[in-house]
Amino acid sequence: KAESLLKNLLNKAVNEYEEARIKMAIADVLVLQEKFNEALITYTQVQKMVKNDQIAQDAQFKVAKTSYYKGDFEWAQTQLDVLKKSTSQLIANDAMELSLMIKDNTQEDSTQVALKKYAHADLLAYQGKNEQSITELQQLLNEHKGEKIEDEALFKQAQLYELEDQYLLAEENYLAILDNFGQD
C-alpha cells in the first residue's frame, strides 16, 4: 500500500529533489519487502538524479546497506570505501562502521556463513521483527561460538533486548561482551 501511495505521489513531484526523496522512500519500502534488486536500481537512479548532493550520498550508503543485507559483501565494501571519504560526517561514520564489521568478519570466514546470518538478523531488525532477529542472533551465537562475529551478535542482540524491554537479558549480553571482548 505504501509503495502504491508513493508511486502516485511520484507523479506529482515538482522538482528532481522531491522526486529523489520519493524514490528513496520507495526503495526503502522495497528493502523492507526484500526486493533487493529493485531497491538497488531505485537507489542508483536517485544517485544519478541528484549527483553531488546529500541525497545522492544517502542513496549510495543505502546501496551498500542493501548489498550487505543481500549478502553481497564485496559490492557493499566497494561502495563503503567510497563513502568513507564522504563530506557528510554521519555517512562517513556509518560507512566506516559497516565497512569495519564486514572486513573483520570476512577475513577468517571465506564462506561468510556467520556474516550472512548476522546480516539477515540485522535486516529483520530493520524490518521491525525484533523477536525474530533476537532468535536468529541466538542461533548464530550457538552455531558460531568463539568466532569473530560473536561480539557484534551479542551487542546487536542486547540492543534488541532493550527495545523489547528485556533489560536483564540485555545486561547479560553487555557483561558477556565486557568479560570476553573487553580489549576489542
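Predicted model: local features only at pLDDT ≥ 70, side-chain atom pairs only at ≥ 80, totals over all residues.
A crossing of two helices is called left-handed if the near helix is turned anticlockwise from the far one by less than a right angle.

**First stop: H9 and H10**

Select residues 150–163, which form helix H9, together with residues 167–181, which form helix H10; the two pack at an angle of about 160°, and their axes lie 8 Å apart. Because an angle over 145 degrees counts as roughly antiparallel, H9 is roughly antiparallel to H10. Looking along the pair, you will find that H9 passes H10 in a left-handed crossing. To see what joins them, show the side chains on the H9 side of the contact, among them Leu154, Phe155, Ala158 and Tyr161, and on the H10 side, including Leu169, Ala170, Tyr174, Ile177 and Phe181. Colouring the residues of this contact by class gives 11 nonpolar, three polar and three charged.

**Second stop: H6 and what covers it**

Next select residues 89–104, helix H6, whose 16 residues reach 22 Å from the first C-alpha to the last, close to the 22 Å expected at 1.5 Å a residue. Which residues of H6 are buried? They are Ile91, Ala92, Ala95, Leu98, Ser99, Met101 and Ile102.

For a sense of distance, draw a line between the C-alpha atoms of Asp58 and Lys1, which are 57 residues apart along the chain and separated by 24 Å.

**Last stop: H1 and H2**

Finally, select helix H1 (residues 2–10) and helix H2 (residues 16–32), whose axes come within 10 Å and cross at roughly 165°. H1 and H2 are therefore roughly antiparallel to each other, and their crossing is left-handed. The contact is made by residues of H1 including Leu6, Leu9 and Leu10, and by residues of H2 including Ile22, Ile26, Val29 and Leu30. Sorted by class, this contact has nine nonpolar, no polar and four charged residues.

Key: Residues numbered from 1 in each chain as written. Heavy atoms only, no water. Axes fitted to C-alpha atoms, helices over the stretch in contact; angles between N-to-C directions. Helix = DSSP H or I, 4+ residues; strand = E, 2+ residues; numbered from the N terminus. Parallel < 35°, antiparallel > 145°, perpendicular 65-115°, else oblique. Contact = heavy atoms within 4.5 Å. Nonpolar A, V, L, I, M, F, W, Y, C, P; charged D, E, K, R; others polar. Expected span 1.5 Å × (residues − 1). Buried < 20%, exposed > 50% of the residue type's maximum accessible area, 1.4 Å probe, protein only.
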